[in-house]
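Hi,

Here is the structure I said I would pass on.

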Amino acid sequence: MFDDPAKAPPPSLQVDPQLMESLYKAVEVAYRETKQKPPPHRVANEAATLFNVLLSRVPDIRDATIVNAVIPALAKELVDRLAKAAAEPGSGKRSA
């Protein structure tokens with residue numbers, strides 16, 4: 001898009017710390033529901049992933065009513081994905 005990325009305009013969207021906290025908490029709950037204990041960096045990674053999915057599904061990220069309605073659905077999808085991954089052979093720790 002730009003020949004020199006340094007000349008590109010800065011992103012117009014800033015990350016809302018409150019929203020990221022809500023997503024982080026949703027990820028923590030999802031892991032708890034699947035009885036998994038991820039390292040904190042994994043929770044942060046999943047929260048960022050949920051944020052990206054949220055951006056793709058919500059037309060206006062500033063609309064708190066819609067965002068707060070979508071977060072539980074995203075968390076449920078994460079629970080389903082985590083449960084499926086835990087059930088697959090070879091997805092857990094190596095057995096002795």
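**The core**

The largest nonpolar core has 21 residues, and the ones touching the most other members are Leu19, Leu23, Val27, Leu54 and Val67. Each of α1, α2 and α3 supplies at least two residues of this core, and α3 gives the most, with eight residues. A nonpolar core here is a set of buried Ala, Val, Leu, Ile, Met, Phe, Trp, Tyr and Cys residues joined through side-chain atoms within 4.5 Å. Buried means under 20% relative accessible area, exposed means over 50%, and partly exposed is in between (1.4 Å probe, protein chains only).

Before you go further, some housekeeping. This is a predicted model, where local features need pLDDT of at least 70 and side-chain atom pairs count only at pLDDT 80 or more, while totals for chains, interfaces and linings use all residues. Residues are numbered from 1 along each chain as its sequence is written, and side-chain values use heavy atoms, with hydrogens and water left out.

**Overall layout**

The chain has three helices and zero strands, which read along the sequence as α-α-α. Helices (H or I, at least four residues) and strands (E, at least two) are DSSP runs, numbered from the N terminus. Of the 96 residues in the chain, 24% are buried. If you take the contacts between residues at least 6 apart in sequence, 54% of them join residues at least 24 apart. Contact means heavy atoms within 4.5 Å.

**Helix α3 and what covers it**

α3 runs over residues 64–87, so numbered from the N terminus under the DSSP rule. Its 24 residues reach 35 Å from first C-alpha to last, close to the 34 Å expected at 1.5 Å a residue (the expected span is 1.5 Å times one less than the number of residues). The buried residues of α3 are Val67, Val70, Ile71, Leu74, Ala75, Leu78, Val79 and Leu82. What covers them includes α1 (17–33) and α2 (40–57).

**How the helices pack**

Start with α1 and α2: they pack at an angle of about 120 degrees, with their axes 8 Å apart. Axes are lines fitted to C-alpha atoms, for helices over the stretch in contact, and angles run from 0 to 180 degrees between N-to-C directions. α1 passes α2 in a right-handed crossing. For handedness, a crossing is left-handed if the near helix is turned anticlockwise from the far one by less than a right angle, and right-handed if clockwise. On the α1 side the residues that meet α2 include Leu19, Leu23, Tyr24 and Val27, and on the α2 side they include Val43, Ala47, Leu50 and Phe51.

Now α2 and α3: their axes come within 10 Å and cross at roughly 125 degrees, so the two helices are oblique to each other. The cut-offs are under 35 degrees for roughly parallel, over 145 for roughly antiparallel, 65 to 115 for roughly perpendicular, and oblique for the rest. This crossing of α2 and α3 is right-handed. Glu46, Leu50, Val53, Leu54 and Arg57 in α2 meet Val67, Val70, Leu74, Glu77, Leu78 and Arg81 in α3.

Leu50 is worth a click. This α2 residue counts as buried because its relative accessibility is 5%. Apart from neighbours within four places in sequence, Leu50 is in contact with Leu23, Val27, Leu74 and Leu78. Leu50 and Glu77 are 27 residues apart in sequence and 9.9 Å apart in space, C-alpha to C-alpha.

**The loops**

Which residues does Thr34 touch, not counting those up to four places away in sequence? They are Val79, Leu82 and Ala83. Thr34 is in the loop between α1 and α2, and counts as buried because its relative accessibility is 17%.

Lys35 is in the loop between α1 and α2, but counts as exposed because its relative accessibility is 75%. Lys35 has a positive phi of about 55 degrees although it is not a glycine. Most residues other than glycine have a negative phi.

Val58 is in the loop between α2 and α3, and is buried, with a relative accessible area of 6%. Beyond its neighbours within four places in sequence, Val58 is in contact with Ile66, Val67 and Val70. The C-alpha atoms of Val58 and Val70, 12 residues apart along the chain, are separated by 8.1 Å.

Cheers
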